[in-house]
Number of protein chains: 2
Amino acid sequence: MLKEVVLGMDIGGTNTDFGFVDENGKILLRSHHNTTDYPTFDSFVESIYAEVVRLEKENDLKIVGIGIGAPNGNYYNGTIEYAPNLKWKGIVPVVEKVRSLFNIPVFITNDANAATIGEMIFGNAREIKDFIYITLGTGVGSGVVANGQLIYGHDGFAGEIGHFTAEENGRLCGCGRKGCLETYSSVTGLRKSAEIYKKDFPNSILNKYSFENLTGKIIYDAAKNNDYPALKAFDIAAEKLGKVLANVVSVTSPKAIFFFGGLANAKDLIFDQTKYYMEDNLLKVYKNKIDILPSLLKGNEAAIKGAAALAWNEI
Amino acid sequence: MLKEVVLGMDIGGTNTDFGFVDENGKILLRSHHNTTDYPTFDSFVESIYAEVVRLEKENDLKIVGIGIGAPNGNYYNGTIEYAPNLKWKGIVPVVEKVRSLFNIPVFITNDANAATIGEMIFGNAREIKDFIYITLGTGVGSGVVANGQLIYGHDGFAGEIGHFTAEENGRLCGCGRKGCLETYSSVTGLRKSAEIYKKDFPNSILNKYSFENLTGKIIYDAAKNNDYPALKAFDIAAEKLGKVLANVVSVTSPKAIFFFGGLANAKDLIFDQTKYYMEDNLLKVYKNKIDILPSLLKGNEAAIKGAAALAWNEI
């Protein structure tokens with residue numbers, strides 16, 4: 001008998017990972033395409049379809065649904081809309097195209113929402129009806145769950161906490177506005193802070209690196225050796241994040257906030273310090289109630305499991 | 001045959017208004033108690049019970065549920081918790097007490113949430129699944145609706161947008177923190193701004209009034225006569241509100257935002273200006289999509305209808 005699975009697909013600017021995921025969140029089999037190899041979305045989907053059908057037969061699997069996480073993926077429209085990091089321009093009718101080949105239910109949302117559903121269905125948020133999920137990577141993404149449901153908003157674009165104004169007239173953001181949270185509290189923001197502060201400290205090890213070579217890992221290691229500009233970069237990331245979260249909490253009053261992604265690997269330098277700044281700025285009624293927790297889903301499994309969870313959650 | 005109604009009750013620090021409300025939101029009959037006449041919640045409820053039973057019989061009505069809006073009312077706990085403006089201190093087990101007398105379903109939430117549900121069930125938000133409701137009175141209250149449901153949060157305390165940090169190290173708020181939205185964008189905030197700016201303009205009519213006598217109405221009339229400090233006070237209220245809303249929108253992506261309460265009566269001075277500041281600060285994906293609308297529910301009917309809507313919504 002064929003085992004029922006869903007196809008979880010994480011479409012990124014460079015890589016697309018997909019996997020056959022069972023209803024317990026186990027990835028039974030996974031594969032990979034270079035997103036950049038495909039000038040059109042049609043050629044991309046056809047190539048994936050051919051491989052998936054082959055793998056399905058070879059492994060006695062039956063796909064009952066497809067979940068897709070993608071930059072600027074829109075749940076309501078079933079589209080990818082104006083994704084700056086993808087070759088496919090404009091509005092791509094993803095769900096329509098994929099469904100026309102596979103003839104099964106297909107769902108799409110953005111990367112952060114997919115990861116949020118992954119945490120809700122397969123991760124540390126299984127018992128939690130009100131939580132916020134924050135991805136601290138190249139940028140800052142987020143998903144918001146209230147009453148046990150992901151909030152998509154009226155247009156499918158809810159959950160852009162990375163673009164909260166963390167400082168008025170602050171750093172220029174890729175979105176064209178100033179002072180967005182992600183210019184301080186992403187890996188990119190951390191690198192910017194380190195670049196700014198290292199100049200005042202000639203003895204800092206960070207001066208051995210150009211901005212291009214200054215990775216989050218290098219700053220983390222320096223901070224662990226008490227390098228001041230590195231510690232300051234983490235402190236700023238945590239302060240801006242903690243203060244923004246203190247405001248976000250007053251909208252949905254979550255029980256927990258989950259951190260995922262590159263910066264979340266810095267553990268105490270992010271978790272403890274952000275908690276400190278958040279608590280210091282919270283309205284009294286919310287104090288000492290909210291847990292800041294790591295995501296249970298690890299590395300690049302999380303995106304596949306998240307996309308799969310989206311499909312399992314709907315079908 | 002008896003007509004089925006719910007009892008909608010709005011408990012305030014000074015006045016308690018209640019009414020018999022049918023399922024279309026019509027108030028068939030209303031009455032009033034002075035909240036301050038009752039040193040204990042027990043004596044308050046017993047007095048209301050006696051009157052309600054009498055009115056019910058005299059008017060051939062049958063109460064099938066009770067909805068209560070109260071300061072610091074907690075939906076999950078069925079309590080009023082540490083309300084600074086009420087004589088009843090600590091945690092008051094409201095639902096338990098009221099149900100023990102009436103023997104029908106009883107629900108409580110805070111004033112702003114009750115008004116939000118009123119707008120959703122009986123008002124301008126009937127067709128809208130994602131919206132935010134803002135009360136601009138002595139303070140700033142709010143209710144947040146996503147996916148057609150009011151967000152209570154894990155503890156029943158969601159929706160405190162009035163305590164968003166509108167300015168770091170800004171005006172001292174009654175909550176003990178600094179720069180909260182309600183210190184700028186409530187009627188009280190408007191009066192504070194007018195008091196600050198009138199001093200630099202000796203010709204301003206506002207100098208005829210002490211701070212105690214400076215009402216929102218006086219500032220509104222002065223603004224309409226192009227009095228600079230009065231216009232500036234409205235501009236600050238709108239700027240802080242617009243900027244905070246630009247951030248709040250990125251959490252839940254609402255279709256509409258409703259304004260209710262004293263400051264909302266200033267119409268163009270609040271609606272148009274707040275919309276301007278909000279749009280100017282919105283992330284591109286949200287621009288020109290969100291309506292700022294007046295509440296359909298008027299004056300002190302709104303609180304009774306809101307409390308009644310809470311009960312109708314549940315039973």
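Q: Why is B:Asp60 counted as exposed in this predicted model?
A: In this predicted model, B:Asp60 has 9 C-beta neighbours inside 10 Å, and since a residue with 12 or fewer is classed as exposed, B:Asp60 counts as exposed. B:Asp60 is found in the loop between α1 (41-58) and β4 (61-69) of chain B.

Q: What makes the phi of B:Asp60 worth a remark?
A: The phi of B:Asp60 is positive, about 55 degrees, although B:Asp60 is not a glycine. Most residues other than glycine have a negative phi.

Q: Why is A:Tyr82 called partly exposed?
A: There are 14 other C-beta atoms within 10 Å of A:Tyr82, and because 20 or more would be needed for buried and 12 or fewer for exposed, A:Tyr82 falls in between and is partly exposed. A:Tyr82 lies in the loop between β6 (79-81) and β7 (91-92) of chain A, and its phi, near 50 degrees, is a positive value in a residue other than glycine.

Q: Why does A:Ala222 count as buried?
A: A:Ala222 has 24 C-beta neighbours inside 10 Å, and because the cut-off for a buried residue is 20 or more, A:Ala222 counts as buried. The place of A:Ala222 is in helix α6 (residues 216-224) of chain A, and, leaving aside residues up to four places away in sequence, A:Ala222 touches A:Ile205, A:Leu206, A:Asp227 and A:Ala230.

Q: How do you know that the buried residues of α8(B) line one face of the helix?
A: The buried residues of α8(B) are B:Leu269, B:Ile270, B:Gln273, B:Thr274, B:Met278 and B:Asn281. Seen down the axis of α8(B), these buried residues fall within an arc of 135 degrees, so they line one face of the helix. On the other side of α8(B), B:Asp268 and B:Asp272 are exposed, while the cover over the buried residues includes α6 (216-224), α7 (228-252), β12 (256-260) and β13 (291-294) of chain B.

Q: What makes the span of helix α8 (residues 268-281) of chain B close to the expected one?
A: Helix α8 of chain B has 14 residues, for which 20 Å is expected at 1.5 Å a residue, and the helix reaches 19 Å from its first C-alpha to its last, which is close to that value.

Q: Why is the relation between chain A and chain B that of a two-fold axis?
A: Chain A can be laid on chain B by a turn of 180 degrees with a shift of 0.0 Å along the axis, and the RMSD is 0.0 Å; that is the relation of a two-fold axis. The same surface serves both copies, with 100% of the contact residues of chain A recurring in chain B.

Q: What makes up the side of chain A that touches chain B?
A: The contact takes 34 residues from chain A and 34 residues from chain B. The elements of chain A that give two or more residues to this side are β10 (140-146) and α7 (228-252), and the largest share, five residues, comes from α7(A). By class, the side of chain A that touches chain B has 14 nonpolar, 12 polar and eight charged residues.

Q: How do you know that domain 1 and domain 2 of chain A are in contact?
A: The contact takes 11 residues from domain 1 of chain A and 12 residues from domain 2 of chain A, and helix α3 (residues 111-122) of chain A gives the most to the side of domain 1, with six residues.

Note on methods: Residues numbered from 1 in each chain as written. Chains lettered and ligands numbered in written order. Predicted model: local features only at pLDDT ≥ 70, side-chain atom pairs only at ≥ 80, totals over all residues. Helix = DSSP H or I, 4+ residues; strand = E, 2+ residues; numbered from the N terminus. Contact = placed C-beta atoms within 7 Å. Least-squares fit on C-alpha atoms with pLDDT ≥ 70 in both. Nonpolar A, V, L, I, M, F, W, Y, C, P; charged D, E, K, R; others polar. Expected span 1.5 Å × (residues − 1). Arc of directions from axis to C-beta.
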